[in-house]
Amino acid sequence: MSSFSFLDSGLGLTIVVFLPLISAIFIFLIPKKQEMLIKLITLGSAIITFLVSLVVALQFDFNDAAELQLGTKVSWISSINSNYEIGIDGISLPLLLLSTFISVLAIIYSFEHLPEPKNAKGMMSLILILETGMNGTFVALDLILFFVFFELVLLPMYFMIGIWGDKTVRSVSGLKNDIETRLYASIKFFVFTLFGSAFMLLGFLGLYFRGNKTFSIPELIELGTNGAFTGTFATLVFAVLFLGFAVKVPMWPLHTWLPDAHTAAPTVGSVLLAAILLKLGSYGFVRIALPILPEQAVAWAPAIAILSAIGIIYGSLACLAQTDLKRLIAFSSVGHMGFVMLGISSLTSIGINAAMIGMVAHGIITGLLFFVSGSMAHTYHTRDMGRLGGNMKLLPKTGAILAFTAMASLGLPGLAGFWGEFMALLGAYNPLPGLNVTIFRSSMVAGAIGTVLTAGYLLWMLQRVNLGEPKEEWIDQELHDADNYELVAWIPLVILTVLIGVFPKLIFGATNDAVIALVAKAFGG
Amino acid sequence: MTIVSAISLDLLLPRKLKYIVALVSILGSLIAFVPIIFQYANYSSPEILFEGSYVIDKFSLILKGLFILVTYLTFLLSVNFVESDEYYQGEYYFLLLSSLLGALVVTSSRDLLTMFIGIELASTPMFLLSGWKKGDQKSNEGSIKFFLLGVLSASLILYGFSLLYGVTGKLVFSDIANTLIQSDLNQSPVTLLSAILILAGIGFKISIVPFHSWAPDTYEGAPLPVTAYLSVSSKATGFVALIILISKVFYASGQGLGIILVFISGITMFVGNLSALQQTNPVRLLAYSSIAQAGFILAPMAVAGITGNYEDGVYASVTYLIIYAFMNVGAFLVINLLQRNIQSDDMYDWGGLAREMPLAGIFAVIFFFSLAGIPPLGGWFAKFVVFRSLLSTGEIFGVSLGIVGAINAVIALVYYSRVSKIIWMDSPSENVKSNKDTLIPSPLRVVGFVSLILTIVSGIFPGIFSNLGEASSIFFNS
């Protein structure tokens, strides 16, 4: 790809990160009335961002996927030796592509499907700022840069949930007055995440002072794998990093913000939250916590495995108890991210590869599930599964996609969801030598039970929502099936689900070398 | 040459007031900015005047620049405010300028007398200004409280200074410090007593716990621009004095003072934040928030007192002070704008106001979340340098204070997000009278955009503060 060689040395990645932000600032300056112009600019900039990320992927040397490539390092905050250091390897590339791709789809969907109060200008600029934060997190190789991008996603998501979210009034234990779901969920999301990341920042500073005053992730990995961080210090730092990332994943028992946030968020918010934002946490584990503090990773692995197993079981059981369609999918995220974390905790190349494909698959499948459920909630004006039914007859297109996605989500072989779950269990069966095999095999069994439960609640959901005869209240109503905007946003995800399911090499081709190198370097395995 | 310009700068400002026009003050404060920039550009080594009593170095120049800029913004905030209520214009600007002069003196003062005069010159005009709304009971109450405590604090400072002078017989800080070290009085009870008295005196100015009780009442009663000035410039003056005293006089007084400061700093954060959580009056909310912020600004100096790493402490405190100044002015601007439309003491009356006033809404988001320390807005870097200096040695007090700070950052988010939540997410209250005054007058627009740009730029390119590190090292080694 010599014709794009000017995109080497970081320019391509810089465009991918900052083009959305610049467009967002540009959009601020356009009068609100020019709605179509705003939408087109947003879509255009997202598409260009996606295309540039594709070019970057083409330039990426897959034979050397373990190395950080196409990056740059420019002085940023000289007084603290923090640099604008970016780059991608096989681990970050698939997630970066996922992020730029889902953003385009989210914008297409928002063309016609903005909840009250419409305000396209606000929503579009928030999506773009969010995209900068997400893309930036995946390419940042400096802890402070990482932190800034990691936090940059908070404000847009807070406002997305708070302004466009669910206006139903509910009572919350501990609060005197009833409160609108969106207001409660948005601040809960914000406070939980900030709580984790405030401590994470302290951990970063600890690494900085013990590690030759550098924030550079590659340099810290070099130091960490040579045993620079040990003892109580390392335990404390891992603990705070764990807190920061685990809240975001979210791992049980720090997950409680997730169902609220997902239920309250507007469709686009849920999609982006599930598809990308959750990955920031698990990506943080793989990129930062594991390689920089390998000794601690080994020490904490059993605990992470147990929490993941609990998360899987808990998530599935909670799903069985839900009557709210979106809340069910939100809890299913807790379960699926449990598989991702179980894979990571095994500290083997199989497990971490499973986590990587699991992240991508969960991004695609759950993103799609939230698209579909959000659209259905909009059509029916309810998410109560007790009132839904016969969706297949009322909305055949939507129903078909819902059925397909549910199958993918339960891990049907041949579709994307299968690989993450299956290989995570494999990884847990045979964890890194030296780890407590009993704990991991028990977690594996728990995970296996989880897959059965997952199949159970998803099929039951399908039965309640999709099958059967439509309830009387819907029969004489005019219900709109998926329109073109929706189909354009959804079909690519369906295709990807099948593609990755049949050719998992699409992901493993990028991740495998990088993961093997990481495991070899950090754990000698 | 540079010396002359600095002095003339200090002396010229009040004289301009003979013309008693707002415009002149505003232009004057802008013009005063010019020599500062020239001096900074031509800076070679510290200028030492009056046998070491008055020093102009990079540190003092940067702070002078800050004070002048903040005063300039305060003037702009005041224009509509003063005009609309037919206050005494000339005196108003004169008093503010006098206070500015005091602040400028403090930044360069290196002896007891100069510093005392500077501090009092900076704070005395504020007693009058805080009671400017003559017919308003709250304003009178706040002003009286402020005055009584202010006099008390002045006498405490004076008492502490006189102890120092009595023990050493010297006025200039470097002489005092040398005498203390030579005669081995560094750790003596007298020195500690004087340090505590001075701390208590200055504690009123910077409103740290337990000397904070006047702040909410005075802030609430004073005209809004005065409140903004109080919470930014007056507080900064106190901090500058404290920073100079700690790092020039008490730097060898042992860890006792540092430990006291660590506790005060932590408690100040908690008291400020937990009280702010319960406020519905926006001005009181900002008052308590500024108390909590004072805890953050104090923290690096406190830990420096224990670890002895003053250079880092000064850098962190001053960086925080500068960023805090602009985002806090911005926050007061937001309140001003919203109150122009819906005059109310209860911020819950502002429901959904951002839809009518989108620009004010965006200002609110930027400034309040910057105060909360959310990247990429300036506040994050302020918090970051503080955390960095707290953890720099891994010393237990520093780390504990860092954890306290992290917890407080989360608490603070809850109330800082509240204003944005109300104006963006809530629905309009029904029984509220709106003035339909959504137009933003141009002076306020300037304040908004200047603060906005400074807040955002300092968050995205914090590299601009690297000069400050150099400045603080010059400050410390001169």
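Residues are numbered from 1 along each chain as its sequence is written, while chains are lettered from A and ligands numbered from 1 in the order in which they are written. Because the model is predicted, local features need pLDDT of at least 70 and side-chain atom pairs count only at pLDDT 80 or more, whereas totals for chains, interfaces and linings use all residues.

Chain A has 21 helices and four strands (DSSP runs numbered from the N terminus: H or I of at least four residues for helices, E of at least two for strands). Some values for the whole chain follow.

| Property of chain A | Value |
|---|---|
| Box filled by C-alpha atoms, along the principal axes | roughly 70 × 55 × 50 Å |
| Buried share of the 525 residues | 62% |

A residue is buried if 20 or more other C-beta atoms, placed from the backbone, lie within 10 Å of its own.

Helix α7 of chain A covers residues 181-210. Of its 30 residues, 26 are buried. Just after α7(A), A:N212 has a positive phi of about 60 degrees.

Chain A gives 27 residues to the contact and chain B gives 24 (C-beta atoms, placed from the backbone, within 7 Å). On the side of chain B that touches chain A, α17(B) supplies the largest share, 10 residues.

How values were computed:
Two residues are in contact if their C-beta atoms, placed from the backbone, lie within 7 Å. A residue is buried if 20 or more other C-beta atoms lie within 10 Å of its own, exposed if 12 or fewer, and partly exposed in between; C-beta atoms are placed from the backbone. The expected span of a helix is 1.5 Å times one less than its number of residues.
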